[in-house]
Amino acid sequence: MITWRCRNLTFRYPEAAAYAVDGVSLEVPHGACTAVLGPNGSGKSTLLRLLLGVLQPLGGEVAFRDRPVRAWTRDAVAREVGVVPQGEEIVFPLSVRELVAMGRYPHLGPWRREGPRDVDAIVEAMTRCDVTPLADRPIATLSGGERQLARIARALAQQPGALALDEPTVALDMRHEMAIFELLRDLGRRGVTILLVTHNLNLAARYADQLVLLDGGRVAAYGTPGDVLNRELVEAVYRWPVRMLHHPGPGPDEGVPQVVPLGGRP
Amino acid sequence: MTPKRAAVGLAALAALLALALVFSVRFGAVALDARAILRALGGEGDPSTVAIVQGLRLPRAVQAALVGAALAASGAAFQALLRNPLADPYILGVSGGAAVGAVGAVVLGWSGADVWVTPLAAFVGALVAIALVLRIAVIVGHALDTRILLLAGVVVGAFFNACILLVLTFADVESFRSAIFWMMGSLSSATWTRALLLSAYLVPALILLLGMARALNLLAIGEETAAYLGTSVERTKLVAYAAASLLAAAAVAVSGVIGFVGLITPHVVRLIWGNDYRFLIPAATLLGATFLLLADALARTVAAPTELPVGVVTAFVGVPFFVWLLRRRGA
């Protein structure tokens with residue numbers, strides 16, 4: 001089964017000279033983890049927004065669960081897909097529990113109160129993301145890593161079949177970054193489809209089943225980590241010399257390709 | 001927030017409003033005791049007391065409460081829409097736009113024809129103002145930059161003030177008085193008709209905003225997040241901007257421009273109970289009503305027999321509060 005499918009997708013921001021997304025076709029299979037990679041400005045976030053239906057493409061089409069994404073209402077999508085977008089600036093006081101509880105909104109509509117099932121979903125999402133001890137803390141007092149985990153918990157409280165994350169581990173320390181990738185792997189085992197935008201090639205190679213490498217809005221490569229991460233391709237897309245190694249193990253990632261950028265001016 | 005905590009909070013605020021209402025009816029140029037007021041409400045006792053209570057004090061108190069309620073709900077909605085704790089219909093220039101609309105209706109002689117026309121003209125003025133503020137902010141830079149929005153509000157407010165001054169220059173004495181009234185804000189011409197008129201706008205707009213409370217919670221975090229959590233962002237924004245502008249316009253149409261109520265009251269609620277709009281909208285509405293009742297009681301009595309414009313009292317409270325907020329945010 002295919003969760004997202006797009007064909008010949010093009011998009012250009014108003015007043016921009018170049019296409020941000022230029023003829024992209026791909027499939028995001030159900031129950032697998034797909035990582036979208038590429039240099040800054042290669043169209044990763046734009047592609048994600050097009051797939052999620054918050055941007056309308058100039059050309060091509062997006063199907064979510066075999067139905068055109070524009071035929072879905074926003075709250076119907078929100079019951080199926082949890083999204084962790086980049087930066088939110090929270091200017092009003094809000095506790096972690098209140099933030100996570102917002103994940104239930106798509107299931108409640110404007111007037112209905114939270115019932116026991118909603119409370120269960122909130123508690124479970126906070127437990128899975130290890131933010132239960134932070135439940136009553138204001139978001140403003142959290143560290144970057146804690147805040148990101150709280151936002152993922154909000155997406156999980158939606159009890160979605162698919163999760164989309166836009167650079168969820170940017171500016172996080174190693175421990176928090178690994179915790180988030182392990183969480184994603186765990187969710188994947190439970191059958192949640194994961195669509196991830198990231199700059200971390202090595203973790204993407206380890207944790208994703210499928211990689212999409214974008215360059216200037218086009219798909220430079222698309223396939224398993226072993227297919228996509230080869231030296232010529234990575235050097236061409238990132239315009240920097242690299243060597244390829246393999247994960248030394250121990251652990252489940254033994255033998256996975258790993259990219260090491262070389263030093264010295266190219 | 002638990003339903004129980006919310007119920008206790010709202011009950012406390014309602015009790016506070018009831019107390020303020022009694023207080024406001026009691027004090028004035030003639031101080032009355034509670035028994036005399038109760039009897040006067042029933043139409044008994046000294047005829048002049050009955051006239052003061054039923055014809056002057058009570059309609060004025062009710063109108064003050066309704067205006068305060070409308071301004072507070074409007075401010076709360078603008079703050080969520082703009083993700084800006086400093087937003088308020090007065091600071092955004094929306095009240096000024098509404099005043100121009102109302103003055104226009106008065107000068108053109110429409111208001112005499114139909115008492116419902118003035119608020120509609122004020123509504124048009126308010127919509128023009130908020131559209132101008134957003135447009136200027138977009139042209140200058142990012143629409144949601146706090147400082148740019150506030151500057152745009154100041155500029156638009158100044159422009160509308162100039163419009164009123166222009167009208168003043170060519171106006172006869174009667175229009176001159178009314179223009180002063182719109183610019184300073186006053187509850188001295190309160191009547192039951194005006195109070196009724198205001199509630200006809202207030203109640204539907206409040207119900208609309210309450211129905212959008214969850215969407216406003218989400219918009220206060222970010223438009224993209226709101227969309228991902230099921231909100232039709234553009235439609236919600238359109239309806240919420242219209243409701244917030246309508247509330248401010250209706251308040252201005254009956255009482256002129258009164259500042260800072262919409263800034264202060266949502267923040268006091270936030271400090272005590274947090275930012276959940278399902279609670280914040282009704283709570284700020286009750287607190288706004290209480291605040292303006294007390295401000296008006298003070299304005300009537302502090303320099304008696306001279307009456308201060310109520311906007312002076314709200315500004316004396318509101319300006320230090322605004323500065324405190326600005327410092328706390330480091331904006």
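**Exercise 1. Determine which residue of strand 8 of chain A is the bridge partner of L163(A), and describe the sheet around this pair.**

*Solution.* Step 1. The bridge partner of L163(A) in strand 8 of chain A is I194(A). This is a predicted model, in which local features need pLDDT of at least 70 and side-chain atom pairs count only at pLDDT 80 or more, while totals for chains, interfaces and linings use all residues. Residues are numbered from 1 along each chain as its sequence is written, and chains are lettered from A and ligands numbered from 1 in the order in which they are written.

Step 2. Strand 7 (residues 162-166) and strand 8 (residues 193-197) of chain A run parallel and are joined by 5 bridges. Two strands pair if DSSP finds at least two bridges between them; helices (H or I, at least four residues) and strands (E, at least two) are DSSP runs, numbered from the N terminus.

Step 3. An open sheet of 6 strands in chain A has the order 6-7-8-3-9-10, with mixed pairing. Its edge strands, each pairing on one side only, are strand 6 (81-84) and strand 10 (218-223) of chain A. On average, neighbouring strands of this sheet are turned by 15 degrees against each other, direction ignored.

Step 4. Helix 6 (residues 144-157) of chain A packs on this sheet and touches strand 6 and strand 7 of chain A. The direction of helix 6 makes about 165 degrees with that of strand 6 of chain A. Axes are lines fitted to C-alpha atoms, for helices over the stretch in contact, and angles run from 0 to 180 degrees between N-to-C directions; two residues are in contact if their C-beta atoms, placed from the backbone, lie within 7 Å.

**Exercise 2. Work out the strand order of the open sheet of 4 strands in chain A, and trace its pairing.**

*Solution.* Step 1. The order is 2-1-4-5, and the pairing is antiparallel. Strand 2 (21-29) and strand 5 of chain A are the edge strands, each pairing on one side only.

Step 2. Strand 1 and strand 2 of chain A run antiparallel, joined by 7 bridges. T10(A) stands opposite D22(A) of strand 2, and R5(A) stands opposite E27(A) of that strand. Helix 1 (residues 44-52) of chain A packs on the sheet, where it touches strand 1, strand 2 and strand 4 of chain A; the direction of helix 1 makes about 120 degrees with that of strand 1.

Step 3. Strand 1 (residues 2-11) also pairs with strand 4 (residues 59-64) of chain A, in the antiparallel sense over 5 bridges. In strand 4, F64(A) is the bridge partner of W4(A), and V62(A) stands opposite C6(A).

Step 4. Strand 4 and strand 5 (residues 67-68) of chain A pair in the antiparallel sense over 2 bridges, with P68(A) of strand 5 as the bridge partner of A63(A). Their hairpin has 2 residues between the strands, and R65(A) takes a positive phi near 50 degrees there.

**Exercise 3. Describe how helix 3 and helix 13 of chain B cross.**

*Solution.* Step 1. The axes of helix 3 (residues 47-81) and helix 13 (residues 261-273) of chain B come within 7 Å and cross at roughly 75 degrees. Helix 3 of chain B is therefore roughly perpendicular to helix 13 of chain B. Angles under 35 degrees count as roughly parallel, over 145 as roughly antiparallel, 65 to 115 as roughly perpendicular and the rest as oblique.

Step 2. Among the residues making the contact are G68(B), L71(B) and A72(B) of helix 3 of chain B, and V261(B), G262(B) and L263(B) of helix 13 of chain B.

Step 3. By class, this contact has 6 nonpolar, 6 polar and no charged residues. Ala, Val, Leu, Ile, Met, Phe, Trp, Tyr, Cys and Pro count as nonpolar, Asp, Glu, Lys and Arg as charged, and the others, Gly among them, as polar.

**Exercise 4. State how many residues each chain gives to the contact, and characterise the side of chain B.**

*Solution.* Step 1. Chain B gives 22 residues and chain A gives 18 residues.

Step 2. Helix 10 (213-219) and helix 11 (223-228) of chain B each supply at least two residues of the side of chain B that touches chain A. The largest share of that side, 4 residues, comes from helix 11 of chain B.

Step 3. By class, the side of chain B that touches chain A has 8 nonpolar, 9 polar and 5 charged residues.
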